[in-house]
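Thanks for coming. I will take a few minutes to walk through one structure, so please look at the sequence and the model as they come up.

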Amino acid sequence: MNGGRNESSIDRFSTRFPSLGRHVEARTSQAGFTLIEMLVVLVIIGLVMGLVGPRVLSYLADARTKAARLQIESFNNSLDLYYLDVGRYPTTQEGLGALVNRPPGMDTWHGPYLKGGTVPLDPWRNRYVYVAPGAHGPYDLISYGSDGREGGEGSAADITNWQR
């Protein structure tokens, strides 16, 4: 406060430094970014995404593969518990559904053997393939990977209970 006068900071600057005051007034009336500034920011964001994006996507693919392996391991444990109770593994026709719903005529079934009351899908939203008896053991359990078809490489490779 200057002796009862109410001056804005821009007015004080313009009286002391006339050329600076006009510059401050002009700059505040034109707030915002120029087109060049915005383009530079967009180019920088594009470069960062170009460098980081592929790594993030590969981590996502690896995480889905690891999740499928863990789910198959969980199925193995549940199938072993089923075997201990019933004395055999579910047939191909009964499938993994036998782990959550009592098959007809099974008096020794003490399930459900999977949490949630449903058989989960693989990380790519496909059904796991269950075959009993299997070609590689008492049963074969397969996720066909990201493409949902037999065979493949990378994230599309098959994930099984006999290959670790």
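I will start with the overall layout, then go through the sheet, the core, the aromatic rings and a few backbone details.

First, the ground rules. This is a predicted model, in which local features need pLDDT of at least 70 and side-chain atom pairs count only at pLDDT 80 or more, while totals for chains, interfaces and linings use all residues. Residues are numbered from 1 along each chain as its sequence is written, and side-chain values use heavy atoms, with hydrogens and water left out.

Now the layout. The chain has three helices and three strands, and along the sequence they follow the pattern α-α-α-β-β-β. Helices (H or I, at least four residues) and strands (E, at least two) are DSSP runs, numbered from the N terminus. The accessible surface of the chain comes to about 11700 Å², and 58% of that belongs to carbon and sulfur atoms. Such areas come from the Shrake-Rupley method with a 1.4 Å probe, and for residues only the protein chains shown count as cover.

How much of the chain is buried? Of the 164 residues, 23% are buried. Buried means under 20% relative accessible area, exposed means over 50%, and partly exposed is in between (1.4 Å probe, protein chains only). As for contacts, meaning heavy atoms within 4.5 Å, consider those in the chain with a separation of 6 or more: residues 24 or more positions apart account for 37% of them.

Next, the sheet. Strands of a sheet pair through backbone hydrogen bonds, either parallel or antiparallel. Here three strands form an open sheet in the order S1-S2-S3, with antiparallel pairing. The edge strands are S1 (129–131) and S3 (159–160), each pairing on one side only. Two strands count as paired if DSSP finds at least two bridges between them.

S1 and S2 (residues 140–143) pair over three bridges. Tyr130 stands opposite Leu141 in S2, and Val131 stands opposite Asp140. S2 and S3 pair over two bridges, and Ile142 has Thr160 in S3 as its bridge partner. Which way do the residues of S2 point? Asp140 and Ile142 point one way, Leu141 and Ser143 the other way, and all are buried.

On to the core. A nonpolar core is a set of buried Ala, Val, Leu, Ile, Met, Phe, Trp, Tyr and Cys residues joined through side-chain atoms within 4.5 Å. The largest one has 22 residues, and those touching the most other members are Leu79, Tyr82, Leu96, Leu99, Tyr130 and Leu141. Helix H3 (residues 35–86) gives the most to this core, with six residues. What does Leu79 touch? Not counting residues up to four places away in sequence, Leu79 touches Tyr89, Pro90, Leu96, Leu99, Tyr130, Tyr139 and Leu141.

Thr65 is also found in helix H3. At 18% relative accessibility, Thr65 counts as buried. Leaving aside neighbours within four places in sequence, Thr65 is in contact with Trp124 and Ile159.

Now the rings. A pair of aromatic rings is described by the distance of the centres and the angle of the planes. Rings of Phe, Tyr and Trp (its six-membered ring) pair if their centres lie within 6.5 Å; planes under 30 degrees apart count as stacked, over 60 as edge-to-face, and the rest as tilted. The whole structure has six aromatic pairs. One of them joins Phe75 and Tyr128 edge-to-face, at 5.0 Å centre to centre and 75 degrees between the planes. Phe75 lies in helix H3 and Tyr128 in the loop between H3 and S1, so the pair ties together parts that are 53 residues apart in sequence. Both Phe75 and Tyr128 are buried. Separately, ring pairs link Tyr83, Tyr89, Tyr130 and Tyr139 into a cluster.

There is one salt bridge, defined as a side-chain nitrogen of Lys or Arg within 4 Å of a carboxyl oxygen of Asp or Glu. Glu94 forms it with Arg88, the closest N and O atoms being 3.0 Å apart. Glu94 is partly exposed at 25% relative accessible area, and Arg88 is partly exposed at 27%.

Last, the backbone. The peptide bond from Gly111 to Pro112 is cis, with omega near 10 degrees, and Pro112 sits in the loop between H3 and S1. The bond from Ala132 to Pro133 is also cis, with omega near 0 degrees, and Pro133 is in the loop between S1 and S2. Arg125 has a positive phi of about 70 degrees although it is not a glycine. Arg125 lies in the loop between H3 and S1 and is exposed, with a relative accessible area of 70%.
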